[in-house]
Amino acid sequence: MHPKDIALLPFQTLAVASGSKSFRHNRVIGSPALNRRGLHVQRVKLAEQIADARRRRLRRLASPEHREMFGELGYISVENALPDELFAAVTEEVETTPFPAREMKQGNAVTRFITLSPEVLRKTPALAQTIRGDLFQGLMRYAGASNTDPLVTLHTVLTNPGKGRPDPQTAFHSDTFHPTSKCWLFLREVEMEDGPFSYVPGSHRMTPGRLEWEYEQSLTAREHVNGHHSGGSFRASEDELRAMGYPAAVPFPVKANTLVVADTHGFHARQPSARPSTRLALYASLRVNPFNPLAGPDIMDLPGLRGRKAQLLDMYRAAEARISGKKESQPLVGEVLAASPAVR
Ligand SMILES: [Fe+2]
């Protein structure tokens with residue numbers, strides 16, 4: 001073992017009790033010997049139990065119908081999520097305001113992120129009202145099993161199937177080993193040809209077949225050729241999904257003003273797009289320490305910090321790039337309209 005690896009070992013051991021997920025970067029989490037003794041599978045099972053307990057305490061945040069849908073399928077889909085007038089005002093703000101944007105290129109897809117800081121939201125009151133609304137916050141917090149502030153950005157996926165390698169997000173994957181929520185309030189219609197989000201119903205729950213598959217993966221994941229897989233975001237083939245006992249995936253071609261909230265511990269993907277497309281959505285993500293028994297609040301709910309998760313993450317990534325000398329994966333590309341063509 002390299003001396004640097006030995007020095008890191010105590011920290012990597014502590015990380016077992018956190019949301020750390022990389023089999024490649026953490027020698028403890030990625031250890032085939034420990035995983036043969038059940039480390040990974042125990043983390044998966046314990047995280048699920050703790051999330052269930054936290055969610056039970058957050059029942060009031062979602063209606064009985066939404067809770068039932070989520071419990072069974074792992075997602076909640078709501079058409080006409082915003083009242084017509086508010087949706088029209090949000091669309092107007094998003095389609096006409098230039099925002100400072102970041103872009104990430106993955107294969108033939110460019111994802112644009114626009115950080116919605118409290119300063120940006122002062123200029124876009126309808127967006128601010130939507131983000132603070134009970135439906136958006138309630139469903140995110142219920143699905144994410146944490147009554148804490150989600151990270152919110154404007155999210156544009158620009159695909160051009162004729163250009164470059166395939167988009168890696170078109171492979172079915174689980175984001176991490178524990179329950180975690182993401183949502184998209186679609187601001188434009190998404191048709192099948194545009195490469196909609198798709199989700200394997202019920203795959204947020206462990207089946208005996210899934211746990212067996214998780215165990216098998218945990219023995220070899222650190223050496224896996226796919227960097228996302230070895231990083232702890234496991235990829236699964238359709239045959240493997242069937243063997244786990246899950247049904248076929250459901251695609252979400254949606255009308256504008258549809259809110260889709262999903263536990264992305266369940267398997268999901270972007271369907272490959274059949275034509276150049278622009279998917280425009282208000283996006284949120286909520287991922288907390290899976291072993292924290294408390295459902296909230298957390299430090300990011302303090303006045304002055306609330307609503308700044310995305311901004312702080314931007315600052316952290318910029319500092320990390322400066323220190324390591326590596327390029328940022330999501331660099332700033334200047335001020336653009338949310339749905340304008342890709343800059344990168
Ligand atoms: Fe994902």
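**Helix packing and buried cores**

The axes of helix α3 (residues 39-57) and helix α9 (residues 208-220) come within 8 Å of each other and cross at roughly 140°. Axes here are lines fitted to C-alpha atoms, for helices over the stretch in contact, and angles run from 0 to 180 degrees between N-to-C directions. The angle makes α3 oblique to α9; angles under 35 degrees count as roughly parallel, over 145 as roughly antiparallel, 65 to 115 as roughly perpendicular and the rest as oblique. Helices (H or I, at least four residues) and strands (E, at least two) are DSSP runs, numbered from the N terminus.

The model is predicted: local features need pLDDT of at least 70, side-chain atom pairs count only at pLDDT 80 or more, and totals for chains, interfaces and linings use all residues. Residues are numbered from 1 along each chain as its sequence is written.

On the α3 side, the contact involves His40, Val41 and Val44. Their partners in α9 are Leu211, Glu214, Tyr215 and Ser218. Two residues are in contact if their C-beta atoms, placed from the backbone, lie within 7 Å. The contact residues divide into 4 nonpolar, 2 polar and 1 charged. Ala, Val, Leu, Ile, Met, Phe, Trp, Tyr, Cys and Pro count as nonpolar, Asp, Glu, Lys and Arg as charged, and the others, Gly among them, as polar.

Met244 sits in the loop between α11 (238-243) and β7 (250-251). Met244 is buried, because 21 other C-beta atoms lie within 10 Å. The cut-offs are 20 or more such atoms within 10 Å for buried, 12 or fewer for exposed, and partly exposed in between, with C-beta atoms placed from the backbone. Leaving out residues up to four places away in sequence, Met244 touches Thr207, Gly209, Arg210 and Trp213.

Arg59 lies in the loop between α3 and α4 (64-73). Arg59 counts as exposed, because it has 11 C-beta neighbours inside 10 Å.

The largest nonpolar core has 57 residues. Such a core is a set of buried Ala, Val, Leu, Ile, Met, Phe, Trp, Tyr and Cys residues joined through C-beta atoms within 7 Å. Leu139, Cys183, Leu185, Val260 and Val261 touch the most other members. Strand β10 (residues 277-286) gives the most to this core, with 6 residues. A second, separate core of 7 residues includes Ile50, Ala51, Ala145 and Ala295.

In helix α8 (residues 134-143), the buried residues include Phe136, Leu139 and Met140. Ala145 follows α8 and has a positive phi, near 55°.
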